[in-house]
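Please have your viewer open as you read.

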Amino acid sequence: MSRGYWDVGIYSIPEASRLSGVSQGRLRRWLTGYTWRKADETSSTAALWRRQLPEIEGSLALGFLDLIEARLIDAFREAGVPWSEIKSAGTKACALLGVDHPFATHRFATDGRRIFVEILSTQGEAKLLELSKSQYAFDKIVRPSFIRNIDFEGSAVRWWWMGRKHSVVIDPTRQFGAPIDASSGVPTRVLYDSYIAEESVTRVADLYEVEARTVRDAIDFEERLAA
């Protein structure tokens, strides 16, 4: 991998699908766009955002921000936001915020119909701007719940996939973004495979000098992905 990608994270389509909960087919369409025919007409749509990584050995790959972008877009879909609203909001947010991954920030919310972006006024007061109509919101809005498990420094930098009370973290600057134990940096897959071989949480904890609960978190995490 190019040295310029060492802190980006790298995920194949199957890996990104397991982590984000978005189907592989949908991820491919979102990353590359797609074409379809209806009657005698052919229509097409462009990629939803500019992905962080080029194809690697002929295969699509996602970076960490791509992963978070996909997860949040899917959260908006689950909340009932119309697809046209999601695409329009993404385009406008790119221009407004000057970033390629606008949804990979903590600045978005929804009421189930519209998408809002948090804007600071000239007085430093935070307001929610409805992207489709450029109107400020005063009614009830909701931030996708999984956002509370993400650390932001402008954009997303770290994802506590199981919640902050657990040890599993996805950090693009460590182990190329593979899920790891936050304290030791040992990949969850390594701990899980060792548990399968050893059949003992205590033995694996001793081998890798981690706490037993760390091993149990890794087992829980990997079994959730497999399910």
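The largest pocket has 16 lining residues, and those lying nearest its centre are Glu15, Arg18, Pro179, Glu222 and Leu225. Please keep in mind that this is a predicted model.

**The largest pocket**

- Its volume comes to about 280 Å³.
- Three helices each bring at least two residues to the lining of the largest pocket: helix 1 (13-20), helix 5 (188-198) and helix 7 (212-226).
- Helix 7 is the top contributor to the lining of the largest pocket, giving four residues.
- In the lining of the largest pocket you will find 10 nonpolar residues, along with two polar and four charged ones.

**The second largest pocket**

- This pocket holds about 180 Å³ of space.
- There are 15 residues in the lining of the second largest pocket, and Ala47, Leu48, Trp49, Lys87 and Thr91 are the ones nearest its centre.
- Helix 3 (64-78) and helix 4 (83-97) each provide at least two residues of the lining of the second largest pocket.
- Of the contributors to the lining of the second largest pocket, helix 4 gives the most, with five residues.
- Sorted by class, the lining of the second largest pocket is made of nine nonpolar, three polar and three charged residues.

**The cavity**

- The count of cavities of 30 Å³ or more is one.
- The volume of the largest cavity is about 40 Å³.
- Lining the largest cavity are Arg29, Trp30, Tyr34, Thr45, Ala46, Leu48, Trp83 and Lys87.
- At least two residues of the lining of the largest cavity come from helix 2 (24-32), and at least two from helix 4.
- By class, five residues of the lining of the largest cavity are nonpolar, one is polar and two are charged.

**A closer look at Thr214**

- Thr214 counts as buried because its relative accessibility is 6%, and buried means under 20%.
- Leaving aside residues up to four places away in sequence, Thr214 touches Ser167, Asp181 and Leu191.
- Between Thr214 and Val168 there are 8.0 Å in space, C-alpha to C-alpha, although the two are 46 residues apart in sequence.

Terms used
Residues are numbered from 1 along each chain as its sequence is written. This is a predicted model: local features need pLDDT of at least 70, side-chain atom pairs count only at pLDDT 80 or more; totals for chains, interfaces and linings use all residues. Side-chain values use heavy atoms; hydrogens and water are left out. On a 1 Å grid over the protein atoms alone, a cavity is a set of points where a 1.4 Å probe fits but cannot get out, and a pocket is an open set with protein on both sides within 12 Å along at least five of seven lines; lining residues have an atom within 4 Å of a point. Grid points are joined across faces, edges and corners, and a volume is the space filled by probe spheres set on the points. Ala, Val, Leu, Ile, Met, Phe, Trp, Tyr, Cys and Pro count as nonpolar, Asp, Glu, Lys and Arg as charged, and the others, Gly among them, as polar. Buried means under 20% relative accessible area, exposed over 50%, partly exposed in between (1.4 Å probe, protein chains only). Contact means heavy atoms within 4.5 Å.
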